[in-house]
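Have a look at it first, and then we can walk through some helix packing and a pocket together.

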Amino acid sequence: MVITAAARFQRETQRGYTPCATMTNAPTPWSKRHKLVTRAAAGGLTYSLSNSFAEPLSSKELIDMTIQRGDTKLVDIYNSHPLTYTPNGGSSDLREEIANLYGPEITAANILVFPGAQIALQCAARVLVDRGEGHSITFSPGYQSVTQGPLHAGGGVTTIPLRSEDEWQIDVSKVKEAMRVDTRYIVINEPYNPAGTLMSPETQAELRSLASSHGAYVLCDEVYRLLEHDPSYRIPAMADFYERGISCVTLSKPWGACGVSIGWLATQDLDLIDKLSDAQYFGAACPSRASEIQAIMVLRSSEQILEKNMAIIRRNRALLVKFVSDYSDLFGWVPPRAGAIAAIKFKGPLTSTELGMELAREGISIKPAYCFTENITEANDYFRVGFGESIVPKAIDALRDFVNERKEGWRANMSETK
């Protein structure tokens with residue numbers, strides 16, 4: 001008898017464990033369950049509100065943009081590049097291109113390139129936790145690699161809950177209370193996943209002052225930066241803002257270049273860059289040269305790509321604003337200010353997990369709270385929707401149909417339980 005992955009997961013979770021946690025010391029990915037529910041391995045569901053990236057590019061679109069810009073030499077380099085190793089931490093031409101995104105303190109020497117941001121986050125945690133001797137501060141709910149990276153590296157971690165009633169903002173006074181003599185590392189995510197909110201310049205400055213007084217590093221996962229819904233909301237990159245600041249970035253989110261699989265860390269601290277490079281050597285030291293050249297193409301077409309993607313995001317955000325307004329007795333949120341993501345509260349008689357299961361049966365995917373925390377409470381039981389793609393309006397229409405078929409039953413249930 002063939003046992004499917006979904007059946008295996010159900011059987012093992014009923015026994016009270018998951019395969020990854022039981023068979024190895026590796027953590028179980030929070031999104032693993034979601035991938036099974038939404039049948040990701042089989043191509044996913046018909047209507048996706050799960051994706052968090054901007055409109056993906058095609059290879060042809062990228063090459064056409066490059067030619068239209070008159071950069072035919074770069075296309076020739078792409079077509080004829082040798083299949084040799086690239087340097088540890090990325091080739092100089094790509095690092096120079098990335099450095100153009102930052103101020104004068106960040107040059108090519110201050111950039112370390114990785115095959116995506118995931119391994120960059122783990123590498124930073126491994127170095128800054130310092131063989132498990134350092135203490136870190138993270139925030140929850142959040143992206144697992146951000147919130148648990150220091151824990152996976154073996155360090156002591158204090159996790160501070162974020163609350164919707166505070167508009168998902170970091171309370172620096174709570175960070176101050178959590179600081180210890182051995183606190184080396186504070187990990188934040190701004191713009192914030194899963195809610196698409198953004199810290200104020202005042203909070204950023206307070207956090208820098210606190211970290212500086214303790215000699216602590218601050219890593220900011222900035223994968224949604226440059227997707228602010230109003231450019232005036234944008235705060236400085238942490239690598240520019242603080243001498244011990246680290247910016248973690250990937251091409252996936254703002255530019256929709258997920259398949260290029262290029263991310264990076266940027267910091268003013270060259271000694272830290274050296275340590276990160278040493279640690280990277282034992283992970284994924286050499287990015288693909290084809291990916292590097294594509295990344296250069298993306299960054300040189302950045303303005304054009306971001307303009308296109310922001311038009312899609314603004315249009316889709318307006319549809320979500322109307323959806324939440326039309327069903328305000330059933331759904332609530334803190335309106336997003338950046339990125340292509342929003343955290344929504346279902347006020348009806350289902351948890352986000354139960355709602356996600358029902359939606360999946362109708363071919364619609366969302367990301368329930370279990371994708372962002374292992375400690376779900378009534379206060380943080382929000383589901384995330386992604387709205388960065390041109391196909392999102394059809395998914396929102398399908399979500400409306402789903403709600404319209406059930407809203408009276410939900411409302412009746414809510415009235416009975418008051």
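In this predicted model, the axes of helix H16 (residues 302-326) and helix H18 (residues 392-416) come within 10 Å and cross at roughly 10 degrees. Angles under 35 degrees count as roughly parallel, so H16 is roughly parallel to H18.

**H16 against H18**
- On the H16 side, the contact is made by Arg315, Asn316, Leu319, Leu320, Lys322, Phe323 and Asp326.
- H18 answers with Val392, Pro393, Ile396, Leu399, Arg400 and Val403.
- Sorted by class, this contact of H16 with H18 has eight nonpolar, one polar and four charged residues.

**H17 against H18**
- Helix H17 (residues 352-361) and H18 have axes that come within 11 Å and cross at roughly 125 degrees.
- H17 and H18 are therefore oblique to each other, and H17 passes H18 in a right-handed crossing.
- Leu355, Glu358 and Leu359 of H17 meet Leu399, Phe402, Arg406 and Trp410 of H18.
- The contact of H17 with H18 has five nonpolar, no polar and two charged residues.

**The largest pocket**
- The largest pocket holds about 1,000 Å³ of space.
- Its lining has 42 residues, and Lys35, Gln118, Tyr143, Lys253 and Lys367 lie nearest the centre.
- Helix H3 (32-37), helix H7 (117-129), helix H8 (144-147) and helix H13 (252-255) are the elements that each give two or more residues to this lining.
- H7 supplies the largest share, four residues.
- By class, the lining of the largest pocket divides into 15 nonpolar, 22 polar and five charged residues.

Methods. Residues numbered from 1 in each chain as written. Predicted model: local features only at pLDDT ≥ 70, side-chain atom pairs only at ≥ 80, totals over all residues. Heavy atoms only, no water. Axes fitted to C-alpha atoms, helices over the stretch in contact; angles between N-to-C directions. Parallel < 35°, antiparallel > 145°, perpendicular 65-115°, else oblique. Contact = heavy atoms within 4.5 Å. Nonpolar A, V, L, I, M, F, W, Y, C, P; charged D, E, K, R; others polar. 1 Å grid on protein atoms, 1.4 Å probe; cavity = no way out; pocket = protein on both sides within 12 Å on 5 of 7 lines; lining within 4 Å. Points joined across faces, edges and corners; volume = space filled by probe spheres on them. Left-handed = near helix turned anticlockwise from the far one by under 90°.
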